[in-house]
Amino acid sequence: MKTKIAYLDGLRGLAACVVVVSHFFQVFAPSVFEGKPEIAHFPFEGLAARTPMNLMFNGNFSVCVFFVLSGYVLSWRYFLTKDKMHIYASALRRFFRLAIPASLSVCLAFAVMRLGWGFYDDIRQTTQSSMPDPFTASPRVLDMIREALYHTFFTYGSAYNPVLWTMTYELLGSFLIFGFLLTLGRFRLRIIGYAALAVLLADSYYLGFVLGMALSDLTYSGRNRLTAVLPPWSAPLFLGAGLYLGSFPYVGTQNTIYSILVWKGSSTFSFFVFYHTLGSCLTLTALLISPRLKSLFGRQPFLYLGTISFSLYLVHFTIICSLGSYLFYQFHLLFSYGLSTVLTVILTTPFIFALAHLFCRFVDAPTLATLSPWSRRVMDRLVRKKPGAMPVEKSKGI
């Protein structure tokens, strides 16, 4: 049985790149996120913030893509085989698969802070970004360890590396999937479970995990119901709808093409999260039914981005707020704001990708290589205790 779905890695890689771009914008063009014309540095910011142009830097949409992909990837082997051992093995290694790379990214940010290499605060008065300075966290090692291993995964903590707010969602969302599969995975009317969870989690990021799992169910439980019902020519329609919803703006919808999506009397409902999640689901649906999109995202450049995507996600913010901020500070002494920003992005981006490549090679890849056989050995021991049980099939860590 195949162990990876290549084109999904390609989509994940593209989403990770958008997250990187989004944080460059958040630091150097904050008006597109805050909707304040008085802090705009470029003439395109107002238009970009309120139109589908924001797909270039809509990091929240990309995060929702991650969550939907997690729901799909963590469940497809079970739906294909109905073997609960895949669930047990994934659950056994899930925390460590996330925690080892994420914790080391916290250590990296902590080291930058202790060495005094964080220059983000030095440029905030110029850039007018309201994003909190990540290098003002506690300088104590014990606080850093507590943040890395506990708060990051159980309280949505992100004190040293702000992108880690997603790790609690990833961990708890994963176990939401495992619990659903173990209890309702073979229930014929499990659509009722999907519907109930969708209603309960409609304005939560956890909805993405549910929708991704439902797409996996439709694809791998028996015949592929997605391709049986949805012809390839409908992929552009799903993609267009997904990108429209996924570009739901940060700055409000009044007098925009998104105003029709917001209904009155719903001030507590998070349209921002809901539409980004639904857009991610529709975008993944388009990919699953389109041979052309599968071929595109299965090409080597996208596959490479997919390979380093987790590492890229973990390290980029620290580099932007250290090296990137330092370069901008120096350039702005000599050049205009626009030129300083362009030079900063051009010089910082290769360093981000180089560090992500090294982080993937020496941290993320070894983590996967270690956890996969370890989880197989543990599950093999458990399986051998059952009379007539078969060994656990080899599979790569998710």
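**Salt bridges, a buried serine and a nonpolar surface patch**

Aspartate 217 is buried in the structure, with a relative accessible area of 6%. The model described here is a predicted one. The side chain of aspartate 217 meets that of arginine 190 in a salt bridge, with a distance of 2.5 Å from N to O. Arginine 190 is placed in the loop between helix 9 (166–184) and helix 10 (191–200), whereas aspartate 217 belongs to helix 11 (residues 206–220); the pair therefore ties together parts that are 27 residues apart in sequence. Arginine 190 also counts as buried, since its relative accessibility is 12% and the limit for a buried residue is under 20%.

In total, eight salt bridges were counted in the model. One of these joins aspartate 364 to arginine 97, and the closest N and O atoms of this pair are 2.8 Å apart. The two residues come from distant parts of the chain: aspartate 364 lies in helix 17 and arginine 97 in helix 6 (residues 85–114), with a separation of 267 residues. Aspartate 364 is buried, its relative accessible area being 3%. Arginine 97 is likewise classed as buried, at 9% relative accessibility.

A further salt bridge is formed within a single helix. The side chains of aspartate 143 and arginine 146 meet with an N to O distance of 2.8 Å. Both residues belong to helix 8 (residues 141–154), and because they are three residues apart, about one helical turn separates them. An α-helix has 3.6 residues a turn, so residues three or four places apart point the same way. The accessibility of the two partners was also computed. Aspartate 143 is buried, with a relative accessible area of 17%, while arginine 146 counts as partly exposed at 43% relative accessibility. Aspartate 143 and arginine 146 are also part of a network of salt bridges in which they are linked with Arg140.

When residues up to four places away in sequence are left out, the residues touched by serine 70 are Arg94, Glu170, Ile177 and Phe209.

Helix 14 provides an example of a covered element. This helix spans residues 271–289 and contains 19 residues. The distance from its first C-alpha to its last is 27 Å, close to the 27 Å expected at 1.5 Å a residue. Helix 14 is mostly covered, as 17 of its 19 residues are buried.

The surface of the model carries a nonpolar patch of about 790 Å². The patch is made by Tyr329, Leu333, Leu334, Phe335, Leu339, Val342, Ile346 and Leu347. Helix 17 (residues 337–384) gives the most to this patch, contributing four residues. Leucine 334, another member of the patch, is found in the loop between helix 16 (300–331) and helix 17. Leucine 334 is classed as exposed because its relative accessible area is 66%, and the class requires a value over 50%.

Definitions and conventions:
Residues are numbered from 1 along each chain as its sequence is written. This is a predicted model: local features need pLDDT of at least 70, side-chain atom pairs count only at pLDDT 80 or more; totals for chains, interfaces and linings use all residues. Side-chain values use heavy atoms; hydrogens and water are left out. Patches are made of residues with over 30% relative accessible area and no salt bridge: like charges are joined within 9 Å, nonpolar side chains (Val, Leu, Ile, Met, Phe, Trp, Tyr) within 5 Å. Accessible areas come from the Shrake-Rupley method with a 1.4 Å probe; for residues, only the protein chains shown count as cover. A salt bridge is a side-chain nitrogen of Lys or Arg within 4 Å of a carboxyl oxygen of Asp or Glu. Buried means under 20% relative accessible area, exposed over 50%, partly exposed in between (1.4 Å probe, protein chains only). Contact means heavy atoms within 4.5 Å. The expected span of a helix is 1.5 Å times one less than its number of residues.
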